[in-house]
Every structure is written in C-alpha cells, then in structure tokens.
Amino acid sequence: MPSERRRASIAVLIGFALTAAAPPSGTLTIRVGNVRNSAGVVHVDICPQAQFLKDDCPYAGDAPAHAGVTVVTVHGVPAGRYAAQVFHDENRNKKVDRALFGIPKEGVGFSNDARIGLGPPKWADAVFAFDGQEQAIALNMRYFLGASGPAKAR
C-alpha cells in the first residue's frame, strides 16, 4: 500500500508542476473601427512573427460586422509578441476577395494601424506585446474599392 500512496502523490505533484508551468493565456479584445457596413463578419488573426501574413495563425476570432465599430474577442492567447491581421468578410467565404493586381475588394487592417503601401505592412510596424492576461487594442479597417467606410448620418 505505501507504494500506491507514493505513486498517487507523485502523480499529483507532476500534475501540479505541469499546470504551474503552463504559460498564462488570456483574452485579447480587438476594437475594429471604420467598418463600412453590417454585412458578413469581421475576422481577426493573432499571429506570431513566423505566421504573420499567412493563413495559419494560431489564434483567431470572428464577430458579426457592425457598421462603424465591431468588437472581436480572441481567447486563449499566451503572453508574447503578436500582430493582428483583420479582414471584413462581407460575403462570408472565409477569405479576402481580391481584384485585379491583388487589390483587396474587402476591408483589411493591421494592429497599430500599420501602413499599407504597395504591399502589406512590415512585422515591425504591426507588432505589439501581449501580457497573457486581458488586453484591448484598436485599429481601423481600410477599403481600397467601393465605400471607404461607413455611410455618414444625414
């Protein structure tokens, strides 16, 4: 019997050690401004540097689009350095639709409102630090075709 108790104690200690060693993960709230209409969803990818500008970012969230401001919440993000890449999926096809020369037909945006020139922004312009707890960031959607933002109230 003593060996069974010893095994049970060791199992509890190992479980505690694994739980204590897990990096904290938290909630990131992204306030996306300049959403031009309420069609579709606003999709957010939270990417470490290796996945920035790719389709395989490990943390993501969606929220129904609201003209003006849409808030998207992403849970389970560990502490680290990330960049947010966002798009307004107006037709809900889970991708950024593109026109001639690759110009996005739907709105796109990046953390820190990183500049979009003749191509996507650089990691250094979009990166932010996340402490693994609760944090909020804000950015604005940019549209290159059609209305450039929500209709103004008359």
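**The chain and its disulfide**

The chain has an accessible surface of about 9,300 Å², and carbon and sulfur atoms hold 56% of that surface. (Accessible areas come from the Shrake-Rupley method with a 1.4 Å probe; for residues, only the protein chains shown count as cover.) This is a predicted model: local features need pLDDT of at least 70, side-chain atom pairs count only at pLDDT 80 or more, and totals for chains, interfaces and linings use all residues. Residues are numbered from 1 along each chain as its sequence is written, and side-chain values use heavy atoms, with hydrogens and water left out.

The chain has 2 helices and 8 strands. Both are DSSP runs numbered from the N terminus: helices are H or I with at least four residues, strands are E with at least two. Along the sequence the pattern reads α-β-β-β-β-β-β-α-β-β.

Now the disulfide. The structure holds 1. The term means a pair of cysteine sulfur atoms within 2.5 Å. Here the partners are C47 and C57, with sulfur atoms 1.9 Å apart. The torsion about their S-S bond is about 90 degrees, so the disulfide is right-handed. C47 lies in strand β2 (residues 41–47), while C57 lies in the loop between β2 and β3 (59–64), so the pair ties together parts 10 residues apart in sequence. Both C47 and C57 are buried. Buried means under 20% relative accessible area, exposed over 50%, and partly exposed in between (1.4 Å probe, protein chains only). Of the 154 residues in the chain, 38% are buried.

Next, the cores. A nonpolar core is a set of buried Ala, Val, Leu, Ile, Met, Phe, Trp, Tyr and Cys residues joined through side-chain atoms within 4.5 Å. The largest has 22 residues, and I30, V32, V42 and I46 have the most contacts inside it. Strand β2 is among the elements that give two or more residues to this core. β1 gives the most, with 4 residues. V32 touches V42, G68, V69, T70, V86, L139 and M141, not counting residues up to four places away in sequence. A second, separate core of 10 residues includes F52, A83, A114 and I116.

Contact means heavy atoms within 4.5 Å. Among contacts in the chain with a separation of 6 or more, 71% join residues 24 or more positions apart.

Last, an exposed residue. L100 lies in the loop between β5 and β6 (108–110). L100 is exposed, with a relative accessible area of 62%.
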